[in-house]
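Please look over the sequence and the 3D structure below. A short report on the two chains follows.

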Amino acid sequence: MSLRPDDRRAARTASAAVTREALAELRHELNRMIDRMDAFVREAAASLQAASEGRFHRQFLLEGVPGSFRTSATAINRARTAMAGTADRAAEAERARLRLADELESTVMTVAEQVAAVQSAAGEGTSTIETISRTVCDMDDLARGIATAVDGGDGGRAGRDARGLADMAERLRAEVSHFLTVMRGN
Amino acid sequence: MRASAIRPTGVERTFAPDEIIVTKTDLKGHITYANDVFLRVSAYSEEEVLGQPHSLIRHPDMPRCVFALLWQEIRRGREIFAYVVNLAADGAHYWVLAHVTPSAGPGGQIVGYHSNRRVPGEAALRRIRPLYASLTAEERRRSRPADAVEASTALLEGTLKEHGMSYEEFVWSLAGQEAAR
Ligand SMILES: Cc1cc2nc3c(=O)[nH]c(=O)nc-3n(C[C@H](O)[C@H](O)[C@H](O)COP(=O)(O)O)c2cc1C
């Protein structure tokens, strides 16, 4: 069936609107992911910083920290409670904290910068929502990993923890750049 | 400006416990980023808030001394938690537990500010509402803004001293219940 020029124009307008809507949703989805990471990093850094300074009343706020991020937050809160008793473990957590904050923050920065670049170059952008949900799943994996590392089943050696975190952050970074390549369509 | 024209309707709005309201500002407190939850709860479009001072959503029931303390802390590079009631574009209001932090640039210098807000617990608000009411009442007895801040700051400090707590300890005595929820 062939379309009359009017119909064709209407179809084009409709499909442009769909693309615009998809892009807007995509942008919110990415922003939510970045905000969630950012909130987690700021909370993790600040609550452990406070604990290392002996301000033990400052807790890791669990509100707004969903899913497996919550598991890490709970673990950090447990660590904080334990630290209230032992200066040794405060130093250990301080090292883990610095490493964690650095790795995660640079990941967030990378995502933020690259997303900004993609957004300004955009034009395509449908069918990427699925890729994003996959990346978000990977981030959940990362968070679960952090929970395990911070919990440190066998006593939690700071060095091993930091290396584990760095590996996970590296994996995430690789995922993110893969995802961005897909998004750019090249 | 639009903010001063908005009359509070008394309608209270809230958001889900697993949501966070996020905004970022430049060094002067002008909004550079607002997430979708902020836009929904504040009833503004993104175009209406970007570039605006954050006092756009200032509610008249908020004591000046809380914002004075907020700015003092973040300018020093420190985080602060505060219970804040905000005014939406349609006159509704919403309470938040705000966490405001400086964002550091590569050289460690402060390049802007960031705020994550969670839905506060009702038990905390039962303590905060009367405290803020007494602080704003104290401010309304002064005609000059500078005198008002000074008077309410003194009242806040006096109240904290009575309880033998610092501001941070006080906020955490309320927010701690939420962390444990
Ligand atoms: C990151 C950040 C977030 C802020 N969030 C709010 C807010 O949600 N509501 C608010 O009334 N003021 C907020 N402020 C404080 C405002 O900048 C301002 O000090 C306050 O609204 C008082 O306004 P006034 O000095 O004009 O009375 C925020 C400031 C910063 C830096």
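In this report, a contact means that heavy atoms lie within 4.5 Å. The model is predicted.

**A residue and its contacts**

Start with T136(B). This residue lies in helix α5 of chain B. T136(B) is buried, because its relative accessible area is 6% and the cut-off for buried is under 20%. What does T136(B) touch, leaving aside its neighbours within four places in sequence? The contacts are P60(B), D61(B), M62(B) and P63(B).

E138(B) also sits in helix α5, which covers residues 122-140 of chain B. E138(B) is buried too, with a relative accessible area of 17%. Its contacts are A151(B), S152(B) and L155(B), when residues up to four places away in sequence are not counted.

**The sheet of chain B**

Chain B holds an open sheet of 5 strands. Their order is β2-β1-β5-β4-β3, and the pairing is antiparallel. Which strands stand at the edges? They are β2 and β3 of chain B. Each has a single partner strand, so one side of each has no neighbour in the sheet. On average, neighbouring strands are turned by 30° against each other, direction ignored.

Helix α4 of chain B, residues 64-75, packs on this sheet. The helix touches β3, β4 and β5 of chain B. Its direction makes about 135° with that of β3(B).

Now take the pairs of strands. Strand β1 of chain B spans residues 21-25, and strand β2 spans residues 31-34. The two run antiparallel and are joined by 3 bridges. β1(B) is also joined to β5(B), residues 110-118, by 5 bridges. That pair is antiparallel as well. β4(B) and β5(B) pair in the antiparallel sense over 8 bridges.

Some bridge partners and facing residues are listed here.

| Residue | Partner | Strand of the partner |
|---|---|---|
| K24(B) | Y33(B) | β2(B) |
| K24(B) | H114(B) | β5(B) |
| V22(B) | N116(B) | β5(B) |

β1(B) and β2(B) form one, with 5 residues between the strands. In it, G29(B) takes a positive phi near 90°. β4(B) and β5(B) form a hairpin with 5 residues between them. G108(B), in the turn, has a positive phi of about 90°.

Is β5(B) enclosed or open? Of its 9 residues, 7 are buried, so the strand is largely enclosed by the rest of the structure. In a regular strand, the side chains alternate between the two faces of the sheet.

**Helix α4 of chain B**

Check the length of this helix. α4(B) has 12 residues, and at 1.5 Å a residue they should span 16 Å. The end C-alpha atoms are 17 Å apart, which agrees.

Which residues of α4(B) are buried? They are C65(B), V66(B), L69(B), L70(B), E73(B) and I74(B). Seen down the axis of α4(B), these buried residues fall within an arc of 160°, so they line one face of the helix. After α4(B) comes G77(B), whose phi is positive, near 85°.

**An annotated stretch of chain B**

UniProt, in an unreviewed entry, lists "domain: PAS" at residues 26-61 of chain B. The end C-alpha atoms of this span lie 25 Å apart. The span is 31% helix and 11% strand.

**Chain A**

Chain A has 5 helices and 0 strands. Along the sequence, the pattern is α-α-α-α-α. Of the 186 residues in chain A, 43% are buried. Among contacts in chain A with a separation of 6 or more, 78% come from residues 24 or more positions apart.

An unreviewed UniProt entry places a "coiled-coil region" at residues 16-43 of chain A. That span is 100% helix and 0% strand. Its end C-alpha atoms lie 40 Å apart.

A24(A) lies in helix α1, residues 5-52 of chain A. At 37% relative accessibility, A24(A) counts as partly exposed. How far apart in space are A24(A) and A10(A), C-alpha to C-alpha? The distance is 21 Å, and the two are 14 residues apart in sequence.

Methods
Residues are numbered from 1 along each chain as its sequence is written. Chains are lettered from A and ligands numbered from 1 in the order in which they are written. This is a predicted model: local features need pLDDT of at least 70, side-chain atom pairs count only at pLDDT 80 or more; totals for chains, interfaces and linings use all residues. Side-chain values use heavy atoms; hydrogens and water are left out. Two strands pair if DSSP finds at least two bridges between them. Helices (H or I, at least four residues) and strands (E, at least two) are DSSP runs, numbered from the N terminus. Axes are lines fitted to C-alpha atoms, for helices over the stretch in contact, and angles run from 0 to 180 degrees between N-to-C directions. UniProt positions are given in the numbering used here, feature names are shortened, and annotations may be inferred rather than shown by experiment. The expected span of a helix is 1.5 Å times one less than its number of residues. Buried means under 20% relative accessible area, exposed over 50%, partly exposed in between (1.4 Å probe, protein chains only). The arc is that of the directions from the helix axis to the C-beta atoms.
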